[in-house]
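Dear colleague,

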Amino acid sequence: MLTIDNISKTYGSFRALDGINLHVGQGKVFGLLGPNGAGKTTLIRIINHIIAPDSGSILFSGHPMTAEDVAQIGYLPEERGLYKKMRVGEQAVYLARLKGLDKTTAEQRLHQWFGRLEIDSWWNRRVEELSKGMQQKVQFVVTVLHNPALLILDEPFSGFDPVNADLLKREILRLKEQGTTIIFSTHNMPSAEELCDDIALIHHARVMLCGPLADIKASHQGLPLDRIFINTVQN
Amino acid sequence: MNKIPLVIQREYLTRVKKPSFWILTIVVPVLLAVVYAIPIILASRPLEHAHVLVVDDTGLFQDQFRSSRDITYHGAGSIDYARRQLQQHDSLDAIIYIPARETTLPRDAYLFYRSDTPSLTVQTDAQNQLQEILRNRILLDVHGLTPDDYALLTSTHIRLRAQDIETGRDGFLQVKIVVGALLALLVFIAVFMFGSQVMRGVMEEKTSRIVEIIVCSVKPFQLMMGKVVGIGLVGLTQFALWVLLAGALVTGVQLTHADLFEQASARHSKTEIATKGSEATYQYQTEQERAAQYQAGQGIDNSLQDLIEGLTGINFAMLILLFLFYFVFGYLLYASLFAAAGSLVDNETDSQQFTLPLTIPLLLTLLLLPSMVGQPSGSLSVWLSLIPFTSPVAMLLRIPFGVPFWQVLLSMLLLLATFPLCIWAAAKVYRSAILRYGQKASWREVWHFLRSNTEARPSAHSSASHTQ
């Protein structure tokens with residue numbers, strides 16, 4: 001689905017990514033793990049064409065990735081927000097249209113999603129009236145609305161209460177069943193362990209560990225993922 | 001697919017749908033008009049007729065008070081008598097009492113009233129008449145002048161009229177100053193009002209972090225330009241509505257106060273005759289007219305008539321077109337820079353560092369307006385009206401005075417050449433700075449953004465705030 005080939009990026013004298021090679025398999029949940037400042041956000045922004053790499057290339061479904069391919073990505077950034085003064089429905093339609101959906105389709109799908117998440121009654125409310133968790137739900141719907149082939153979720157559970165986190169988890173798994181490839185970036189090891197098929201651990205701009213979660217756990221004597229994380233980072 | 005129209009649409013609609021937009025567009029001008037109209041309406045309304053008793057112990061003023069449409073003066077023998085009359089008769093409003101002094105001329109006169117303070121009209125009229133009668137007395141008794149001599153003296157009035165020798169039209173310097181200053185002020189306010197809206201809009205997107213989602217769908221440049229254009233259209237909408245509103249108001253005034261305009265146009269046509277014929281005849285006629293107006297008590301202010309007459313001589317279509325040009329391109333120039341300033345900061349307080357240098361050129365021009373008005377074709381005025389960062393304000397000030405065509409053209413061309421450069425520079429800074437959270441940028445970094453082709457690195461520490 002997505003092949004990251006020898007990507008490097010420096011900001012001035014700071015090396016953010018140093019020869020990153022990764023392969024995200026079709027229909028897999030791929031965990032992108034690493035401590036703060038490891039380069040995860042930079043890598044995600046490069047995949048999204050928000051910033052350009054200094055060197056290296058990305059293959060998307062087997063061909064060199066172009067700006068048009070970005071429309072097939074749904075990206076839920078860690079730093080996320082909505083226009084506070086705009087109404088929920090209006091805003092969701094706007095964001096969907098930016099992604100290339102026409103107005104009618106956007107409204108139809110939004111009502112479906114909002115209905116399933118039981119948030120349809122928020123349609124005409126201003127975003128500022130919503131709690132943070134409620135806003136996260138809206139953001140999630142907006143992210144997946146255009147049926148992206150690749151979903152990139154950066155800390156999707158932050159700000160969710162356990163009930164809604166569970167709801168979100170089920171939605172993610174449902175999307176996976178439908179064939180969506182998911183890149184899941186997090187610090188939260190238990191949820192990574194629960195959801196991911198493959199993982200990559202990035203530290204100091206390099207890939208430290210990479211492969212199927214089961215294999216990695218096996219080669220670390222079945223330690224829990226957070227132990228593996230700490231051991232790798234501290235060595 | 002080009003997403004700019006979508007961005008423009010959002011920026012435009014969210015602002016136009018706000019109640020504050022309509023308040024500013026409709027309520028404020030109507031309120032201003034009402035505030036200006038109330039004194040005029042009140043002044044033209046007939047007052048309640050006042051009756052005033054005059055008690056003069058000096059013998060200088062007796063029978064000299066002239067009654068008018070609003071006030072009748074009655075002579076009364078003694079202050080005691082008058083006092084009783086005032087207390088007994090509701091129809092009486094006040095007493096003017098001038099006590100006698102032994103040696104010199106009277107210095108104080110009194111206006112006695114019962115319960116209601118006499119109106120300002122009564123007080124002003126009494127004051128003026130006292131002054132005039134006393135002066136007449138001195139002229140008459142000391143210098144031997146008759147009231148007719150005095151009337152001639154006071155009615156002698158000569159007005160200096162600046163006129164174009166080719167068109168024979170009046171210069172109406174004051175009107176030009178007012179119109180020029182208003183235009184300059186309006187474009188200044190508009191550029192900064194809408195420019196800072198752009199800045200706040202950019203900051204809103206940055207601080208709410210929605211920008212991260214949006215730049216996945218549109219390029220930062222498209223987002224910035226969509227915002228600048230959308231808000232600019234809001235400004236144009238506002239002006240269009242103001243012009244419509246002003247047109248409706250003027251038409252309304254023309255219909256209800258047709259006399260004002262008829263007199264103005266009558267004077268206008270007379271001016272043309274006068275330039276061909278004798279100035280003296282004209283002068284005589286206007287004096288007669290003025291006297292007649294005064295007698296009739298219509299109270300039309302001469303300066304107001306000058307204003308209307310001067311305004312009818314101005315080419316408003318041209319003014320509006322030039323105003324639009326300088327607003328649109330001055331706005332594009334400044335709004336893009338404001339967008340860059342907004343992208344550099346996380347909150348309004350920090351933004352001052354970058355907005356202050358932006359405001360200085362136009363603010364300086366505004367402060368120099370008085371000296372420019374003194375010499376609208378002086379070198380200061382010419383230079384300021386050519387430099388693109390000051391020309392929107394400076395040129396609009398000069399336009400009513402008449403500006404050589406080549407200067408207008410050069411000023412426009414320079415502005416047209418400069419605004420794309422500003423947009424280009426702003427876009428570079430904006431693209432680099434918009435995704436940088438939590439750090440305040442310095443001027444050194446701005447310079448770096450301008451030169452480099454790379455983007456700012458995502459701030460590492462901001463992710464810590466969300467870690468559970």
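Across which strands of chain B does helix 3 of chain B lie? Helix 3 (residues 79–88) of chain B lies across strand 1, strand 3 and strand 4 of chain B, at about 160 degrees to strand 1 of chain B. Helix 4 (residues 120–143) of chain B also packs on the sheet, where it touches strand 1, strand 2, strand 3 and strand 4 of chain B and makes about 35 degrees with the direction of strand 1 of chain B. Axes here are lines fitted to C-alpha atoms, for helices over the stretch in contact, and angles run from 0 to 180 degrees between N-to-C directions; helices (H or I, at least four residues) and strands (E, at least two) are DSSP runs, numbered from the N terminus.

This is a predicted model, in which local features need pLDDT of at least 70 and side-chain atom pairs count only at pLDDT 80 or more, while totals for chains, interfaces and linings use all residues. Residues are numbered from 1 along each chain as its sequence is written, and chains are lettered from A and ligands numbered from 1 in the order in which they are written.

The sheet of chain B is open, with 4 strands in the order 2-1-3-4 and mixed pairing (two strands pair if DSSP finds at least two bridges between them). Strand 2 (71–75) and strand 4 (110–113) of chain B stand at the edges with a single partner strand each, so one side of each has no neighbour in the sheet.

Between the chains, 32 residues of chain A are in contact with 28 residues of chain B, contact meaning C-beta atoms, placed from the backbone, within 7 Å. Helix 2 of chain A gives the most to the side of chain A that touches chain B, with 4 residues.

Best regards

Key:
Contact = placed C-beta atoms within 7 Å.
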